[in-house]
Amino acid sequence: MAQLALEFLGTGGAFRTPRPGCQCALCQGAREHGIPWERTGPSLFVHGPDVLIDTPEESCLQVDRSRIRHIAAGFYSHWHPDHTAGRRMYETRNWDALRWPPQNTCTPIYLPPQVAADFETYLGLAENFRYLESRGLVKVHPFDGPLTLGGWQVTAFPLAESYVYAFLFQELDGHRRVLIAMDELLGWTPPPALAGVELAVLPAGVFEFHPLTGRRLIPADHPVLQTEATFRQTLAMVEQLRPQRLIFAHLEEPFGLTPPELERLAEDLGRQRGWDVTFAYDTLMVEL
Ligand SMILES: [Zn+2]
Ligand SMILES: [Zn+2]
């Protein structure tokens with residue numbers, strides 16, 4: 001059987017925990033306790049295929065503290081800053097600064113079609129990656145068909161928001177499948193072909209209501225409810241997807257949910273819906 005283990009490098013969203021300067025109870029707790037309260041930006045490493053997905057601004061720190069040895073490929077789910085701002089990780093990791101001629105490491109980077117197009121449009125991303133290519137530190141490839149890595153076939157497919165892609169890892173000599181969606185599930189209907197995957201990693205979405213008390217956390221007319229999937233909408237997607245094991249990540253600081261609250265929520269979901277569900281925290285390792 002092909003090996004696969006997920007290492008959650010960062011489980012925050014656009015807002016890390018603690019948020020700089022914030023004095024809320026969650027951020028105070030994160031400063032006091034560190035992990036699992038503290039959350040850096042969204043990134044995941046898939047051991048086996050050895051794929052790094054996304055590089056938030058703390059990517060250097062995340063990769064350094066991880067168990068990663070070899071990065072066979074870097075993927076990007078979409079162009080948003082919380083998923084790309086730490087791309088210099090490849091520069092500082094791969095650059096051989098002392099030897100001449102240098103023996104740089106060159107990481108292949110795979111960009112799904114719309115991600116490649118958006119990199120040309122936003123944040124100077126394509127320009128920055130061309131610079132890294134010119135130094136021999138990365139090589140950018142189109143991700144326009146299945147890749148075979150470490151005994152797994154990997155495909156990227158767009159979600160309902162067509163600028164963002166999810167990744168499906170399928171075992172070549174078996175039947176296990178792992179679905180990884182980093183962010184932006186708004187409007188997504190899981191296709192029936194994905195039903196029953198071994199493991200699904202999904203963003204928790206926007207907590208319009210406190211999941212334990214039901215108290216409204218976001219005004220009903222807030223525009224974010226038109227642009228982001230809510231936690232309740234995400235639960236409806238899970239009902240259709242029916243993964244054997246579910247892990248939520250991309251947990252945003254503003255909702256203020258503490259690790260003990262998320263643990264209780266996972267227990268409630270397990271009892272009420274019969275799910276095997278975990279809320280990820282930074283450095284969590286999950287073996288398939
Ligand atoms: Zn995000
Ligand atoms: Zn805070």
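This is a predicted model: local features need pLDDT of at least 70, side-chain atom pairs count only at pLDDT 80 or more; totals for chains, interfaces and linings use all residues.

The strands concerned are E11 (residues 199-203) and E12 (residues 246-249), which run parallel and are joined by 4 bridges. Strands (E, at least two residues) and helices (H or I, at least four) are DSSP runs, numbered from the N terminus; two strands count as paired if DSSP finds at least two bridges between them.

Residues are numbered from 1 along each chain as its sequence is written, chains are lettered from A and ligands numbered from 1 in the order in which they are written, and side-chain values use heavy atoms, with hydrogens and water left out. Local features need pLDDT of at least 70 and side-chain atom pairs count only at pLDDT 80 or more, while totals for chains, interfaces and linings use all residues.

E11 and E12 belong to an open sheet of 7 strands with mixed pairing, in the order E7-E8-E9-E10-E11-E12-E13. Strand E7 (147-149) and strand E13 (277-279) are at the edges; each has a single partner strand, so one side of each is left without a neighbour in the sheet. On average, neighbouring strands here are turned by 20° against each other, direction ignored. Helix H9 (residues 259-273) packs on this sheet, where it touches E12 and E13, and its direction makes about 165° with that of E13. Contact means heavy atoms within 4.5 Å, and axes are lines fitted to C-alpha atoms, for helices over the stretch in contact, with angles running from 0 to 180 degrees between N-to-C directions.

The zinc ion (ligand 2) is coordinated at 2.0 to 2.3 Å by Cys 22 (SG), Cys 24 (SG), Cys 27 (SG) and Glu 253 (OE). Donors are N, O and S atoms within 2.8 Å of the metal (3.2 Å for Na, K and Ca), and since water is not among the atoms, sites may look incomplete. The angles among the 4 donor atoms are 103 to 113°, and the site is tetrahedral, a label that for four donors requires all angles to lie between 85 and 135 degrees. The ideal angle for four tetrahedral donors is 109.5 degrees. Along the chain, the donors follow the spacing C-x1-C-x2-C-x225-E. Cys 27 lies in helix H1 (residues 25-33) and Glu 253 in the loop between E12 and H9, so this pair ties together parts that are 226 residues apart in sequence. Cys 27 and Glu 253 are both buried, that is, under 20% relative accessible area with a 1.4 Å probe and protein chains only (exposed is over 50%, partly exposed in between).

As for the setting, the protein has 9 helices and 14 strands. Its radius of gyration is 19 Å, close to the 19 Å that the globule rule gives for 288 residues, so it is as compact as a globular protein of that length; the radius is taken over C-alpha atoms, and the rule is 2.2 Å times the number of residues to the power 0.38. Buried residues make up 55% of the 288. Of the contacts with a separation of 6 or more, 66% are between residues 24 or more positions apart. Another open sheet, also of 7 strands with mixed pairing, has the order E6-E5-E4-E3-E2-E1-E14; its edge strands are E6 and E14 (285-287), each pairing on one side only.

Key. Four donors count as tetrahedral if all angles lie between 85 and 135 degrees; four count as square planar and six as octahedral if opposite donors are over 155 degrees apart and all others between 65 and 115; anything else is irregular.
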